[in-house]
Amino acid sequence: MFGRLPRWLRFILVGVLNTAFGYLLFAIFILAGAPKFWAVVGMTALGALFNFRSIGHLVFARSELGLLPRFLGVYAGQCVINSVALELLARAGFTPLVGQAILVPFLAAGVYFAMQTLVFRELKPAN
């Protein structure tokens, strides 16, 4: 039944799980005293490994290891964007936990677009 849902809806549903896992990691790092940047890096690194399997398998029905470098590249880019945006929100007075919560929907939309176009894109047969 899950496989019959539109891809974007599967991404959102899997994204809820992945986001909860990533935000939990971020909160653990922050509450343990890690600087914002390292909390984002740690959250992204551990979350990407978890997400590769869930997004690849449940959303795009492809999880071959050859896709992992592009997948990790998307997450590296997302990590940079996340860090910069979080710092800008901190300068505007937001705490790291509130700032990260604000960023989640924007980051999720960007990651979905990147996954669909850069990582799990449909390959056209060679003529």
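Ala61 lies in the loop between α2 and α3, where helices are DSSP runs of H or I with at least four residues, numbered from the N terminus. This is a predicted model, in which local features need pLDDT of at least 70 and side-chain atom pairs count only at pLDDT 80 or more, while totals for chains, interfaces and linings use all residues. Residues are numbered from 1 along each chain as its sequence is written, and side-chain values use heavy atoms, with hydrogens and water left out.

- Ala61 has a positive phi of about 55° although it is not a glycine.
- As background, most residues other than glycine have a negative phi.
- With a relative accessible area of 64%, Ala61 is exposed (exposed means over 50% relative accessible area, buried under 20%, and partly exposed in between, with a 1.4 Å probe and protein chains only).
- Ser63 is placed in the loop between α2 and α3, the latter helix spanning 68-91.
- Ser63 has a relative accessible area of 18% and is therefore buried.
- Not counting residues up to four places away in sequence, Ser63 touches Phe52, Arg53, Gly56 and His57 (contact means heavy atoms within 4.5 Å).
- The side chains of Ser63 and Arg53 make a polar contact at 2.9 Å; such a contact is a pair of N or O atoms within 3.5 Å, where within protein one must be able to donate a hydrogen and the other to accept it, and residues adjacent in sequence count only if both atoms are side-chain atoms.

**Packing of α1 and α2**

- Helix α1 (residues 7-31) packs with helix α2 (residues 36-59) at an angle of about 150°, and their axes are 9 Å apart (axes are lines fitted to C-alpha atoms, for helices over the stretch in contact, and angles run from 0 to 180 degrees between N-to-C directions).
- By class, the contact of α1 with α2 has 16 nonpolar, six polar and three charged residues; Ala, Val, Leu, Ile, Met, Phe, Trp, Tyr, Cys and Pro count as nonpolar, Asp, Glu, Lys and Arg as charged, and the others, Gly among them, as polar.

**Packing of α2 and α3**

- The axes of α2 and α3 cross at roughly 145° and come within 9 Å.
- Residues making this contact include Phe37, Thr44 and Phe52 of α2, and Leu68, Tyr75 and Cys79 of α3.
- The contact of α2 with α3 has 14 nonpolar, five polar and two charged residues by class.
- Thr44, placed in helix α2, counts as buried at 7% relative accessibility.
- Leaving aside neighbours within four places in sequence, Thr44 is in contact with Tyr75, Gln78 and Cys79.

Note on methods. Helix = DSSP H or I, 4+ residues; strand = E, 2+ residues; numbered from the N terminus.
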